Amino acid sequence: MLPSLLLPVLLLFLSVSLTAAAAAAAAARCTTSTPIKTYQKCMNLPTQGASLAWTYHPHNATLDLAFSGTFISPSGWVAWGLNPDSPAMTGTRALVAFSDPTSGGLLLLPFILDPGVKLQRSPLVSRPLDVPLLSSSAMLRSDSSVRDGAGLHIFATLRLSPNRTRINHVWNHGLYVQGYSPTIHPTAPSDLASRATIDVVSTATEVGPAVPSWFRSTHAVLNAASWGFLLPVGVTVARYLRQCTSVRPTWFYGHAAVQIVGFLFGTAGFSMGIIMGRASPGVTYTLHRGLGVAAFVTGGLQAAALLFRPKTTNRFRKYWKSYHHFVGYGCVVLGVVNVFQGFEVMELGGSYWKLGYCLVLSTLVGVCVALEANAWVVFCRRAEEEKVRREGRVEGHQAVKGSISI
């Protein structure tokens, strides 16, 4: 009785599962049909669930295409564009769709993404494209208004150069539009990898190298732990434990060990940053990169200084100590400042991660202030004791001279 009842239930479950799988597969496949026209070829793009359909007309070297993307915010934007030089954001001639702030309707405007756009120095202003764009339009797939998750088609007709069928195209979406100016898009690895080169005849595709999703967080943790914490701790050990005669030469080995570990972690984090920079040539954080390079160079100079450390009896020892101190403090300052810059790059300026780092750093600063005050107290006490000792020697010398004269 029980098996006979279970059989229809199992068949129903299997039928529903197959139907859901078929629907998911159908949703995952690109389509050549759009409400406006049907195209000859299509392909799924590797990020953001986007796709591209097109028809190439070799007799006049024109390309009809339809890009399909998705909004991630009611006040957001979706863009597709061509880059004449390379598959990168900088230099892209983009068509950006968003909700018209005046009428509320869907608006499609052309933009040229020059090198200053990624730094957000000024609002992005629409201007005519300097590529042979014959026509362009945009329409929502099924929704009547822009909302989170709304699908979109961007249609364009382009004239390509004769015998040149490879195009570099870039696509992305963002959260906000200020007036008629799109703001910077999210910087997750998938967003930074939204670019490719495609041959519209053979459909051969070259996608830029992507880095694993954990690269970014690991890069941040390594750099914050090394440049932002371990190296300052190493400086603290050298500055305040060196004065304690009871721990000599333990302070030196502790200082060297902390600095070496910190520099190794920092080198790993710096290398990961270089890899991510190469994987996203269109995205450059100039200040963050410059501070990182400066911190790494000064850290390398400190490591090299250990190899050429003169003996305590060498007359150049005092110059080496001055160099070692100034370069070391400079490296710590650069590293800590760049950690805060990294929080801004990762859009974590108001996050608990930044708050936690600030608490750790402020605790270290508090310890340094207390040790500095104690060092000055010890210094003043020793100076007073030395003064009393000198005065005692002088008085004793005068007493001896008086007894001799008598």
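These notebook entries record what I looked up in a predicted model.

**Ground rules.** I worked with a predicted model, in which local features need pLDDT of at least 70, side-chain atom pairs count only at pLDDT 80 or more, and totals for chains, interfaces and linings use all residues. Residues are numbered from 1 along each chain as its sequence is written, and side-chain values use heavy atoms, with hydrogens and water left out.

**Entry 1: salt bridges.** I took a salt bridge to be a side-chain nitrogen of Lys or Arg within 4 Å of a carboxyl oxygen of Asp or Glu. Side chains of opposite charge can pair when their charged atoms come close. By this rule I count 5 salt bridges, and I looked up the following pairs.

**Entry 2: Asp114 and Arg127.** I find a salt bridge between Asp114 and Arg127, with the closest N and O atoms 3.4 Å apart. Both residues lie in the loop between β6 (106-112) and β7 (133-140), so the pair ties together parts that are 13 residues apart in sequence. Strands (E, at least two residues) and helices (H or I, at least four) are DSSP runs, numbered from the N terminus. For burial I used relative accessible area: buried is under 20%, exposed is over 50%, and partly exposed is in between (1.4 Å probe, protein chains only). Asp114 is partly exposed at 33%, and Arg127 is partly exposed at 36%.

**Entry 3: Arg239 and Glu372.** I note that the side chains of Arg239 and Glu372 meet in a salt bridge at 3.0 Å, N to O. This pair links distant parts of the chain, with Arg239 in helix α3 (residues 214-241) and Glu372 in helix α7 (residues 352-405), 133 residues apart. Arg239 counts as partly exposed, at 36% relative accessibility.

**Entry 4: Lys354 and Glu344.** I recorded a salt bridge between the side chains of Lys354 and Glu344 at 3.3 Å, N to O. Lys354 is in helix α7 and Glu344 in helix α6 (residues 317-345), 10 residues apart. Is Lys354 buried or exposed? Lys354 counts as buried, because its relative accessibility is 17%, whereas Glu344 is partly exposed at 43%.

**Entry 5: Ser51.** I located Ser51 in strand β2 (residues 51-57). Ser51 is buried, with a relative accessible area of 14%. Leaving aside neighbours within four places in sequence, I list its contacts (heavy atoms within 4.5 Å) as Cys30, Met43, Asn44, Leu45, Ala66, Phe67 and Ser68.
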